Amino acid sequence: MAHLPEEVVEALEEPENIKMLVTADEQKNINMVPIGSLVPIDDETLAYASFFSGKTKKNIEATRKIAVAVFQPPMEGYQVKGTFVRWETSGEIYDKVAGPAMEQLEAAGLSFTPSAVGIIKVTEAYALSIPLAGEKLV
Amino acid sequence: MAIMSQEVLDTLTSDTTMKFLATMDTSGILNASIVATVSPMDPETIIFANLKLNKTKKNLLATKKFTVTTFSPSMESIQLQCTFQGFQNTGPMVDQFNEAVYSKIKLQLSEVGVGKVDEVYTMGLTKPKTKIA
């Protein structure tokens, strides 16, 4: 496993930053969706709230491989790669991730409860912003 | 191939839309990039500048498949499933695109990637992922 640098952890913690979660199915069809609930639990673990049993959930269970891109205005960006570990449906991590995610939705007038929180172990991280784009951080 | 609607074209050309491009290598390792230059060339085709797209370029040449997902200030997203057509580094389209990119971000592109759009989906807080083309 890899330990994320502090600047990447901070970028992932910021709720206003844009985060995309990339998965693929076994036929190598790529799915990339915005995932506002994704946060770091510590410097080697990410978690996100899963609200629907859609393509992302199916892909992550099938292949276990993910990539995350995070954009931090005005010009910073990072890519984190990882491996899906498990779902959590209650407990400390579930509450830490699901609570803020539900609050974000409530602010938009929506009421959904995550069916689970996905736990991801970080394997690599890269810079995405020019001039460092592609440079491996961990 | 899919035909992008005017709404999708407008989203792709908006300066306030963030655009991400994802690829995969032949062993299934995913790669995500921020590619702000993704633009429509016509309703079936998108283009983007190669500005240090090292791994993305390798993956595109190897697998030909990529996905673009946008994020708008309205928190709506569009996903384009695309087939890579190739890179161009000369010609009027490249010159015109280079000029447009340079005027915005003051960087010279090395080449222009071209992709045909196969499928288009919309996503948002209030609507699940839905195929629209």
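**Exercise 1.** In what order do the elements of chain B run from the N terminus on?

*Solution.* The model is predicted. The secondary structure of chain B consists of 3 helices and 8 strands. Starting at the N terminus, these elements follow the order α-β-β-β-β-α-β-β-α-β-β.

**Exercise 2.** Check the span of helix 3 of chain B against its number of residues.

*Solution.* Helix 3 covers residues 92-105 of chain B, which is 14 residues. The rule of 1.5 Å a residue is applied to one less than that number. After the helix comes Lys106(B), with a positive phi near 60°.

**Exercise 3.** Compare the radius of gyration of chain B with that of a compact globule.

*Solution.* For 133 residues the globule rule gives a value near 14 Å. Chain B has 14 Å, which agrees. Its C-alpha trace spans about 40 × 35 × 25 Å along the principal axes. Of the 133 residues in chain B, 38% are buried. Among contacts in chain B with a separation of 6 or more, 64% join residues 24 or more positions apart.

**Exercise 4.** Describe the side of chain B that touches chain A.

*Solution.* Begin with the counts: 28 residues of chain B contact 30 residues of chain A. Next, list the elements of chain B that give two or more residues to this side: strand 1 (18-24), strand 2 (30-34), helix 2 (54-63), strand 5 (65-71), strand 6 (76-88) and strand 8 (127-131). Finally, sort the residues of this side by class: 15 are nonpolar, 9 polar and 4 charged.

Key
Residues are numbered from 1 along each chain as its sequence is written. Chains are lettered from A and ligands numbered from 1 in the order in which they are written. This is a predicted model: local features need pLDDT of at least 70, side-chain atom pairs count only at pLDDT 80 or more; totals for chains, interfaces and linings use all residues. Helices (H or I, at least four residues) and strands (E, at least two) are DSSP runs, numbered from the N terminus. Two residues are in contact if their C-beta atoms, placed from the backbone, lie within 7 Å. Ala, Val, Leu, Ile, Met, Phe, Trp, Tyr, Cys and Pro count as nonpolar, Asp, Glu, Lys and Arg as charged, and the others, Gly among them, as polar. The radius of gyration is taken over C-alpha atoms; the globule rule is 2.2 Å times the number of residues to the power 0.38. A residue is buried if 20 or more other C-beta atoms lie within 10 Å of its own, exposed if 12 or fewer, and partly exposed in between; C-beta atoms are placed from the backbone.
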